Amino acid sequence: MDSIIHVLTLKPVLVGLHLGFAILGIDLLVWVVGEAIADGGNDKRMKFAAFAGAVSFIMSWIIGGYYYVKFYGKLVKPIILKSTAPWAHGVFMEAKEHIFLFIVPLALTVLFITLLGREEIKKNNLRRPLVILASLTAGLGLLIGLMGYIISASARWG
Amino acid sequence: MMINKLNKTQLVYASAVGAIAAVIFAVAVTIIAEESPGFKASLVSVAGHHWTTKSIFTALVYLLVAKYVYWFTNEHKSKSVVQALAALISFAILGSAVIFLYFVWHYLK
């Protein structure tokens, strides 16, 4: 058990898990958008995708937060600030870490809409808001991912 | 199952309002902490790191507002739910833009 925890808290593993769960969350929300637009199949698939998407974003938040608090400030931030791209921290890291604060409430709201089921979603005119909100949450996830790439690149090659 | 006993439309409305509150809180606490070193230090004193405190408080704002709206406001019909979701979408876009542009300004000043 100790060795599993040790491996899971290695820096590259933390970054990989943070990114992996974020990508999974984005893909699952895109799946929700597809289910809502196609309006076919059963409700369980859409609910599963929304539930798993919310869980993935929560995991990305916790793992990314642990890495950020424990390692980023001490080890990565000084490198970026001394690099040719200090704005990678000053703009992109600061924006990323604060926009992420409200991604999970957005993903949970998407989940709660899907729990209504297709018939209730249609009856309550919620199909369009669901598509837009799920797309927005996935889109913000992609933007945050792009910011993460900029930050990593500046630490490696700046 | 417990989820079947919930008023699911009211839950969506409550979550949307809670999420709007979370967006507003996240934007406000971010900017205030950057402009006030004393406030930022007080955030650090709560949970050891300012970001951890902001995360916890944002989550609490979402949960408490959503819970209050779900339990203590009148049942909301579909038109209000659509409006709440439209407002959430607008606030999320605006909140993200404000945060990004604030840090661009903050870096350049």
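Some ground rules first. This is a predicted model, in which local features need pLDDT of at least 70 and side-chain atom pairs count only at pLDDT 80 or more, while totals for chains, interfaces and linings use all residues. Residues are numbered from 1 along each chain as its sequence is written, chains are lettered from A in the order in which they are written, and side-chain values use heavy atoms, with hydrogens and water left out.

**Around B:N7**

B:N7 sits in the loop between α1 (2-5) and α2 (8-35) of chain B; helices here are DSSP runs (H or I, at least four residues), numbered from the N terminus. Setting aside neighbours within four places in sequence, B:N7 is in contact with B:Y70 and B:E75, where contact means heavy atoms within 4.5 Å. Its side chain also reaches the backbone nitrogen of B:Q10 at 3.2 Å.

**Where the chains meet**

Chain A brings 33 residues to the contact and chain B brings 37 residues. Between them the chains bury about 3100 Å², 80% of it on carbon and sulfur atoms; this is the accessible area (1.4 Å probe) that two parts lose on being put together, summed over both. On the chain A side, A:H98, A:L101 and A:F102 lose the most area to chain B, together 19% of what that side buries.

**Pockets and a cavity**

On a 1 Å grid over the protein atoms alone, a cavity is a set of points where a 1.4 Å probe fits but cannot get out, and a pocket is an open set with protein on both sides within 12 Å along at least five of seven lines; lining residues have an atom within 4 Å of a point. A volume is the space filled by probe spheres set on the points.

| Space | Volume | Largest share of lining |
|---|---|---|
| Largest pocket | about 870 Å³ | α7(A), 11 residues |
| Second largest pocket | about 210 Å³ | α4(B), 6 residues |
| Largest cavity | about 60 Å³ | α6(A), 3 residues |

Of the 35 residues lining the largest pocket, A:V15, A:H18, A:K96, A:G148 and A:S152 are the closest to its centre. The second largest pocket draws on both chains, with A:L108, A:F112, B:L6 and B:Y70 among its lining residues. The lining of the largest cavity includes A:E35, A:D39 and A:R118.

Key
Helix = DSSP H or I, 4+ residues; strand = E, 2+ residues; numbered from the N terminus. Polar contact = N/O pair within 3.5 Å; in protein donor to acceptor, adjacent residues only side chain to side chain.
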